[in-house]
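Student: I would like a close look at one part of this model, and then at how other parts pack. Please keep it brisk.

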Amino acid sequence: MKVAVIGAGTMGSGIAQVCAMAGHVVVVVDSDPTKGDLALESMKSSLAKLASKDRLGGELPDQVLGRVSTVTSITAACEGTDVVIETVVERLEVKHEVFREVIAAAPSGALLGTNTSQLSITRIASALGDQGGRLVGMHFFNPPVLMRLVELVVGLQTTEETVTRAEAFAQGLGKETVVCRKDSPGFMTSRVSAIVRLECLKMVEEGVGTPADIDKALRLGLNFPMGPLELGDFNGLDTYLHALEALEVAHGERFRPTVTLRNLVAAGRLGRKTGWGIYRYGADGAKVEEHGA
Ligand SMILES: NC(=O)c1ccc[n+]([C@@H]2O[C@H](COP(=O)([O-])OP(=O)(O)OC[C@H]3O[C@@H](n4cnc5c(N)ncnc54)[C@H](O)[C@@H]3O)[C@@H](O)[C@H]2O)c1
């Protein structure tokens with residue numbers, strides 16, 4: 001199958017890699033012309049690591065990478081595609097703009113997925129006019145190559161056929177699926193992780209513990225695979241702030257972002273991608289300072 005991945009950031013590059021590893025031909029597009037090459041670099045290094053652990057099913061990294069190309073327009077990316085996965089910034093107006101271009105360019109049978117973490121699928125689908133039934137939430141987790149779940153989210157107009165096709169597609173990528181039947185902001189997963197991380201940030205602000213100790217407490221005491229604060233840095237604090245703002249609108253005050261989070265984002269401390277968020281990171285992405293916030 002041919003898959004168009006719109007957005008080549010943290011998630012786009014991982015999703016493109018997962019699709020290529022499953023044998024699909026993948027075309028990646030981003031509005032920032034530098035992002036395509038960065039995504040290819042990131043895929044190259046990830047594929048090399050997987051190959052060294054014998055996890056590429058006998059293929060060489062270059063064979064997988066050979067199925068991925070980058071283009072500069074959404075129209076070119078969508079030409080003749082079977083599946084479109086939108087994974088641009090978490091802003092409704094940007095996703096609307098993207099889907100208006102997608103619907104004009106993609107074949108009428110193409111399955112349309114959005115990787116939004118918590119926006120309403122129904123509202124995103126409003127950009128598709130009478131084609132809204134073709135859109136489904138296809139929520140991958142970071143890093144897409146390692147995380148096992150794709151959370152499918154059903155909008156008000158999403159057809160059963162679209163859900164069935166999305167399930168088959170995601171399972172064909174080697175992922176497990178769950179179906180969130182109600183288009184409720186935050187779905188099943190983002191809603192819970194947002195509130196847990198918020199509680200951790202509040203504890204940092206209250207001086208209950210250092211970020212490192214709070215993360216350690218949740219890892220070792222509650223069996224979280226990764227501390228919520230370090231995961232926030234990993235996913236991007238700007239993405240997290242946008243998510244909380246939308247969740248606050250949907251579910252009320254309990255999701256209100258903290259002052260510290262707003263300040264970190266305003267200062268450009270967005271997490272691992274900028275080398276500094278709650279923690280500090282070296283050029284290799286490893287944590288260099290335990291008590292950054
Ligand atoms: N980061 C995570 O952990 C995570 C996890 C699950 C889902 N998501 C969701 O995935 C989506 C992308 O998140 P991300 O972390 O990869 O963000 P990111 O900021 O790393 O990447 C977003 C990319 O979209 C591009 N973009 C913006 N406008 C565009 C346009 N009009 N056309 C094409 N490209 C455009 C940007 O240049 C950027 O490269 C968001 O909806 C986010 O909520 C993120």
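Student: Which residues does G80 touch, not counting residues up to four places away in sequence?

Tutor: G80 touches K2 and P107, with residues up to four places away in sequence left out. Contact here means heavy atoms within 4.5 Å. The model is predicted, so local features need pLDDT of at least 70 and side-chain atom pairs count only at pLDDT 80 or more, while totals for chains, interfaces and linings use all residues. Residues are numbered from 1 along each chain as its sequence is written, and side-chain values use heavy atoms, without hydrogens and water.

G80 sits in the loop between α4 (74–78) and β4 (83–86). Helices (H or I, at least four residues) and strands (E, at least two) are DSSP runs, numbered from the N terminus. A168 is 88 residues from G80 in sequence and 20 Å from G80 in space, C-alpha to C-alpha.

Eight residues of domain 1 are in contact with seven of domain 2. About 720 Å² is buried between domain 1 and domain 2, with 53% from carbon and sulfur atoms. Buried area is the accessible area (1.4 Å probe) that two parts lose on being put together, summed over both.

Next, a helix pair. α8 (residues 190–206) packs on α9 (residues 211–222) at about 140°, axes 9 Å apart. Axes are lines fitted to C-alpha atoms, for helices over the stretch in contact, and angles run from 0 to 180 degrees between N-to-C directions. That angle makes α8 oblique to α9. Under 35 degrees counts as roughly parallel, over 145 as roughly antiparallel, 65 to 115 as roughly perpendicular, and the rest as oblique. V196, C200, M203 and V204 of α8 meet P211, I214 and L218 of α9. By class, that contact has seven nonpolar, no polar and no charged residues. Ala, Val, Leu, Ile, Met, Phe, Trp, Tyr, Cys and Pro count as nonpolar, Asp, Glu, Lys and Arg as charged, and the others, Gly among them, as polar.

One more pair. α11 (residues 237–251) and α12 (residues 259–266) pack at about 135°, with axes 9 Å apart. That makes α11 oblique to α12. L237, D238, Y240, L241, L244 and E245 in α11 meet L261, R262, L264 and V265 in α12. The contact of α11 with α12 has seven nonpolar, no polar and three charged residues.
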